[in-house]
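Here is a short briefing for a first look at this structure. Please keep the sequence and the model open while you read.

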Protein chains: 4
Amino acid sequence: MKFERIKSEGLAHLSYFIGSEDEAIVIDPRRDCQVYAELARREGMNIKYIFETHRNEDYIIGSLELKKLTGAEIYHGHGVNFKYGNYLNEGKEFDFGSMKLMALHTPGHTDESMSYALTDLDTGKEPVMVFTGDALFVGDTGRTDLYGPEEAPRLAANLYDSIFNKILPLGDGVILCPAHGAGSVCGGAIAKRDYSTLGLERIQNPALQKTKKEEFIKFKLEEQLEFPPYFMKMEQYNLQGPPLLQDLPVPKLFSPEEFRVEMEKGAVVVDTRMPHSFGGAHIRNSYSIWLGGVPSFAGWLLPYNKPILVVLEEKEHLETAARYLIRLGYDNIAGFLKGGIAAWYMKALPVDGFNFISVHDLKNELEKHEEMTLLDVRKKKEWAEGHIQGAKHIYIGELEENLDQVPKDSRVIVYCDSSRRSSIAASILKKHGYNNVYNVLGSMTAWKNAGYGTVK
Amino acid sequence: MKFERIKSEGLAHLSYFIGSEDEAIVIDPRRDCQVYAELARREGMNIKYIFETHRNEDYIIGSLELKKLTGAEIYHGHGVNFKYGNYLNEGKEFDFGSMKLMALHTPGHTDESMSYALTDLDTGKEPVMVFTGDALFVGDTGRTDLYGPEEAPRLAANLYDSIFNKILPLGDGVILCPAHGAGSVCGGAIAKRDYSTLGLERIQNPALQKTKKEEFIKFKLEEQLEFPPYFMKMEQYNLQGPPLLQDLPVPKLFSPEEFRVEMEKGAVVVDTRMPHSFGGAHIRNSYSIWLGGVPSFAGWLLPYNKPILVVLEEKEHLETAARYLIRLGYDNIAGFLKGGIAAWYMKALPVDGFNFISVHDLKNELEKHEEMTLLDVRKKKEWAEGHIQGAKHIYIGELEENLDQVPKDSRVIVYCDSSRRSSIAASILKKHGYNNVYNVLGSMTAWKNAGYGTVK
Amino acid sequence: MKFERIKSEGLAHLSYFIGSEDEAIVIDPRRDCQVYAELARREGMNIKYIFETHRNEDYIIGSLELKKLTGAEIYHGHGVNFKYGNYLNEGKEFDFGSMKLMALHTPGHTDESMSYALTDLDTGKEPVMVFTGDALFVGDTGRTDLYGPEEAPRLAANLYDSIFNKILPLGDGVILCPAHGAGSVCGGAIAKRDYSTLGLERIQNPALQKTKKEEFIKFKLEEQLEFPPYFMKMEQYNLQGPPLLQDLPVPKLFSPEEFRVEMEKGAVVVDTRMPHSFGGAHIRNSYSIWLGGVPSFAGWLLPYNKPILVVLEEKEHLETAARYLIRLGYDNIAGFLKGGIAAWYMKALPVDGFNFISVHDLKNELEKHEEMTLLDVRKKKEWAEGHIQGAKHIYIGELEENLDQVPKDSRVIVYCDSSRRSSIAASILKKHGYNNVYNVLGSMTAWKNAGYGTVK
Amino acid sequence: MKFERIKSEGLAHLSYFIGSEDEAIVIDPRRDCQVYAELARREGMNIKYIFETHRNEDYIIGSLELKKLTGAEIYHGHGVNFKYGNYLNEGKEFDFGSMKLMALHTPGHTDESMSYALTDLDTGKEPVMVFTGDALFVGDTGRTDLYGPEEAPRLAANLYDSIFNKILPLGDGVILCPAHGAGSVCGGAIAKRDYSTLGLERIQNPALQKTKKEEFIKFKLEEQLEFPPYFMKMEQYNLQGPPLLQDLPVPKLFSPEEFRVEMEKGAVVVDTRMPHSFGGAHIRNSYSIWLGGVPSFAGWLLPYNKPILVVLEEKEHLETAARYLIRLGYDNIAGFLKGGIAAWYMKALPVDGFNFISVHDLKNELEKHEEMTLLDVRKKKEWAEGHIQGAKHIYIGELEENLDQVPKDSRVIVYCDSSRRSSIAASILKKHGYNNVYNVLGSMTAWKNAGYGTVK
């Protein structure tokens, strides 16, 4: 048996390749899907089936792409009007090698959500693994707020039934294979450990301690999760079948002058360097999204209808940046800046800097009651767990629409947990004409490490 | 959390790298241990501890080698007189990152065998994984015959206690991490699936269905496992601490003439090509052990006190062959044949061929009662499950000492399950002057696929 | 300046990537052209131009493929009716970075052949390199027989002019960059060294010692070079523009049974293992062409209108085999045998063996005047330089059409220089019903190494 | 024939692997010499000889290291008192495969300098390549100032004889293989093209246009080249034989707190990020040397007797940084900062920023006669070719000893050609208590691109 958990960083998306003898299946493939075809080739296996756990909202599914590459058949659940693939019913079984996969309808995250239980016929009839999609994670359960607040109680009730009446009864010894790990926007409290079992979750997963249905529903309804605007786009793509890629795009290299011309024609610039490097020197009007943050934040900020230009710290980052963007459906990458920011400033083109402030200086200024707008751009949940006294909260993803709450004439000091999201915020503010913006170096982490207090 | 299962092919040895935050541990490292150091470097972690589950008998442990590379501390169980590392007591705990590892004394396979239970402090107090060494495998349990038949009942009783009273009580949801997968000489029935849990083993593992102690002991005592002679060497090395390697050896390239000179001076030749290629043309007096079989069969045949020469199908196989040999302590690799067998025969040097016989022809000849010695060289267990009528059984590992049972003047036809072990047998026979030797192409697998019957 | 010589093994085809500052050109790209795009990406360069030296006859040019990938413009010489790209005139110049490339019309190998002289404007006005296509090689000159014997004198005269009046006058210090290295079917005597200059060729190249035009023409007309039938196909493709690939094909994996079905439906099998392995066991009716020989011999034997099936020694060879075949336009690869020949014989499917004979036994039999047809399948040139007394000569590429010259009822013993081409020959003979075929192990090389004599 | 030019970036050091049949030689190996052993293994060759062109002064030679790995013999010229290897005489010949290498004594750069002429016996008796060490480069000749101004005329005269009477007479068609490419500290005007011939140099190399001996000597004596202090260390090492490495060191990972402790105990910090990133945030008292500049500038600034700590932009840069440092003999790398600068500031540890000034603002301020010290830290040659009016010149390598020339109380604005060397300068000034330091973004390149004038 060949079992591979393929993790797409940033999205924290987990997909699975399972092979037995010379047949294999893939669960929830990502869009840049050569990885599965290569595994199959290396192992001497043919990919027979592709299973989707649900119509994903946070990334583009690679089923059609992988089908094109391998000829495998696609299956997904009933309930939404998929324009490709085959529908599944509860209980349908699939054989490959000496393995058997059985479909279970497990609604709650979405109505058409499926789980898949895997049996190893060589060792017994009991399932050995279960692929739960966004129903059950390690340490968390799938969000039930995607259809809006009115539908949430119904979805939470469905999820309760799916987990307690279908998934957990498979047995404590069953290995849990969810669709996301820590860091995903699809769950707020997923554990950092990707390896678990139903038995472990039954006793350790906080949500599963709510064994009474009403308690569970209440617990779910109290969750406060952000809803990035690109979700709508993903849902649409994953229903229709997204455009085929064939291969990773090869973005053009632009010289500084060419880059500038593209900008003037309306292209949007995203700079994937770290805050300290972006702060040192950057192109005016560019968004700062550090490379690792692109999967989570590009979908809040970048448009689908304008060309995207990229500034990189190292040209080796290009492939990663391109993968991250196309996984979110950004097929509109125009190109990247040849030679990076250094090439730009060596052409004497206009460069912006950035002010950093240390937590020590910030503390000092707060004590002296210096004038400032102190902006906390973390998630609601983080804010609720403790923030700096005097701060104002606007979540980074919602900042651009709430600029009226930030006075333009004052000094604005932004923080998050690390200075990375606050770098995004600072770049948004500067794009909108704020000229006196500071990013707090180390942000809340440094603040706490310095021993300074927070309020709730 | 970073978790990596490192599988050493052939030996089917499983070692583990577990990291949390910036600290990591390694369990049962192999001798060519750069793999762990590279993982640590890539993840930005320092390896803090090395744990051995027991004094291994089937490969050389890499603890000392890895300690030299990283400075990590070595731990192992009480009961044998280790010349390096630190002793452990039951219940001793180790912290790294947000993980905790606890030592459990689980004798049975050997007296000093330890298991290690891992707790993820981020999610709860119950253990999430257990590293069982050779106590409990997926689908099998550790052999209890290593101290000889007199000690076996005691060891089997100990193993029963270790499994039923210490390991299984950790909980059904605990992930099982054993020291071997299918194909290891340390277990006869290990499952092909490397992923399991205590709950799955409790209900699917054949040995664990013997829940009464006496039944379990009886079950263990009935096992018939081969005992390769190199085990003694491994035990000695793993007690004393094996010689340090520093890096993989770079074996010399010998021209055909130089190779011949080395042979004449007493070097032993092992040819790692597949049977069909070895059969086509090979150097007289060489052992045929296909590359993938080197970890299992070199230890039966190759000496530690004479230089070893290697013939490869592809020069790219050199590194694999060298790794396989040094994992068994064969530091006496002299070199390999430059240009392979083709270089040899292009020098007009003497070459032997090999006779193959198809299962159809064999069936035909058996029906006609043609004269032959039909030799089955599989394991006792395979023989017992069904063999060709009229065959004689000598296990491949014991053939060289039992040649008196094989008449030299008759035609000898050898089979195994696939033709690979029978190729070893044929090469042994030819080395000892048998001139009329045939290898059955496809052997028992082909025999059965052709629909021919077997007897028990 | 970035300069890369990309050698396609087997074809011994040399293509070139030359970059300066952020612009690059490619000369004579191969069909699997990702290599150039990756170089460009790694170096941060845009490929601006693609130059063809002539309409190649021995492989499929990758210009269109690379243009699709990069948008670069294609240029080639006048004189044949290309259906793509732009025509060039003598003297046309192209700038990229601080380099300049100038086109020179150098007919002789073909009428439209071009050479390209490269100047480094940073260091001076004199050319520093010249890309001569098939006009001038290291140690050899391009063949002039492609238009048939009537046109050969004219082409040889043209080549003389091109070399002596256009190329050599560029200067002794100019670095020579030809389109082929040793082993190409486009030249019979190309040196093993790929690095040379016009000055070195002027004094060391045998053809260039014929400084008088008539002598040179006479020398060229005496060349005896083989003309593989696939040349016609290549010329047609390279005129029209070959079909676009997008990426390497992913051939299907066939189980032995599926493979057999494909064979029965008319697919042609090519087995890329070495002679000793093929000889040990192979599928009846398969062609034996060792992997490294595929670029040179597939074009003699394999059809373009039937599916091709491949048997490999190692599954890692698949990519190489696929590349070799698609470079010759074999887009009809159906798939390969999963598990190789061992999977086949483990299914008890019919297998053929092969007889080898050592040079010592051959000598012996010849001395005893044993009955046999001794067949030499080497090139005319090799045969002329010395062969075994009593042998008959038929070039391997022409054997299939000349089987009437080989008596079917006698024993046939085949040799070449190494046993690889004779393995092809033996496989052809067996396909055509010859049952008593021997391949001479080590062939002429072993014969000479054994000290046995030859005749001319 | 196998020919590989191995370029060590930064040092722009060229070493060569030349193989023929199954024997190979290496010329001027670098210290991290696994690259040659791997080439040999891949090609199936044994390295027979190692040749040094001279006692190098700019990097540590890897001859002893490679000898240990492969057993090859080392050769170098007479004249200095080498503690290892064998001496060579003019005219000594070495055979390997079908190649011949002949030693030529070519003093001038140093007294014991050797060149090596390579003949391909397969194609003729004339040499085809020449390995000239630091005697003759593409576009330049070796420096003759290493023994001090008194010896320079004698060395220049020797070099004239070596080039004009020994090297050039080998023939215009001979391929030139020097020991350095553009960017080396061993030559001021080496061409960006690494590929040349004696014929091309004869007509294009500026120094070789001085065909009269006196002119040539005069030309050489006018050269102004910097002399980094680490040269002395290299000469000593390369005479004695440097300490053996075995393998690349694995530097320790330090947490920010551990890193700080090491600093307090006296370790020196080098930060290999780009100026814009270093400028954004860095650790007080660290040297800024961008990664690509380490080979050229570490030797000016870093001590051999204190531990070295490294800050990296990406942890993937570690290997490159380690290679660069050990090539200069910095075996005193203590470790690097885990998590980079972000980990540092998230611990609320003290961070310094940096002021950048654009060329436009600089121009403006100069026109307004604002008070400042404008410091040009480029080479004497660059300064002489044009600088900003009002600037003061101190070469970056000599800044630390000439701080008395820079007033501490004024604002200091530093420029080079790109902002990278000025970032080094700025970091030196800050280490020495200058608090008002600016780096000119884009420096002279931006200045010129902006159309601003220079003076000589």
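**Strand partners in chain B**

F131(B) has C177(B) as its bridge partner in β13(B). This is a predicted model: local features need pLDDT of at least 70, side-chain atom pairs count only at pLDDT 80 or more, and totals for chains, interfaces and linings use all residues. Residues are numbered from 1 along each chain as its sequence is written, chains are lettered from A and ligands numbered from 1 in the order in which they are written, and side-chain values use heavy atoms, leaving out hydrogens and water.

- Strands, like helices, are DSSP runs numbered from the N terminus (strands: E, at least two residues; helices: H or I, at least four).
- Two strands pair if DSSP finds at least two bridges between them.
- Strands of a sheet pair through backbone hydrogen bonds, either parallel or antiparallel.
- Six strands of chain B form an open sheet in the order β7-β8-β9-β10-β13-β14, with mixed pairing.
- Its edge strands are β7 (93-96) and β14 (196-197) of chain B, each pairing on one side only.
- β10(B) runs parallel to strand β13 (residues 175-178) of chain B, and four bridges join them.
- Strand β9 (residues 114-120) of chain B and strand β10 (residues 127-133) of chain B run antiparallel, joined by four bridges.
- Y116(B) has F131(B) as its bridge partner in β10(B).
- β9(B) and β10(B) form a hairpin, with six residues between them.

**Cysteines**

- A disulfide is a covalent bond between the sulfur atoms of two cysteines.
- The rule used here asks for a pair of cysteine sulfur atoms within 2.5 Å.
- By this rule, the count over all chains is zero disulfides.
- For C177(B), the closest cysteine sulfur is in C177(A), 14 Å away, too far for a bond.
- C177(B) is buried, with a relative accessible area of 1%.
- C416(B) is also buried, at 0% relative accessibility.

**A hairpin in chain C**

- Strand β1 (residues 2-8) of chain C and strand β2 (residues 13-20) of chain C run antiparallel, with seven bridges joining them.
- I6(C) stands opposite S15(C) in β2(C).
- The two strands, β1(C) and β2(C), form a hairpin with four residues between them.
- G10(C), in the turn, has a positive phi of about 85°.
- Five of the seven residues of β1(C) are buried, so the strand is largely enclosed by the rest of the structure.

**The parallel sheet of chain D**

- Five strands of chain D form an open sheet in the order β22-β26-β25-β23-β24, and the pairing is parallel.
- Its edge strands are β22 (355-357) and β24 (392-393) of chain D, each pairing on one side only.
- Four bridges join strand β23 (residues 373-376) of chain D to strand β25 (residues 412-415) of chain D, which run parallel.
- T373(D) stands opposite V412(D) in β25(D).

**Nonpolar cores**

- A nonpolar core is a set of buried Ala, Val, Leu, Ile, Met, Phe, Trp, Tyr and Cys residues joined through side-chain atoms within 4.5 Å.
- The largest nonpolar core has 93 residues; those that touch the most other members include L375(B), L399(B), L429(B) and F259(C).
- Helix α10 (residues 318-327) of chain B gives the most to this core, with six residues.
- Leaving aside neighbours within four places in sequence, L375(B) is in contact (heavy atoms within 4.5 Å) with residues including L399(B), V406(B), V414(B) and L429(B).
- Another core, of 91 residues, lies apart from it; among its members are V80(A), L239(A), Y434(A) and A267(D).

**A buried methionine**

- M234(B) is found in helix α6 (residues 230-240) of chain B.
- M234(B) counts as buried, at 0% relative accessibility.
- M234(B) and N56(B) are 178 residues apart in sequence, yet 7.0 Å apart in space, C-alpha to C-alpha.
- Not counting residues up to four places away in sequence, M234(B) touches N56(B), Y59(B), Y304(B) and R327(B), among others.

Definitions and conventions
Buried < 20%, exposed > 50% of the residue type's maximum accessible area, 1.4 Å probe, protein only.
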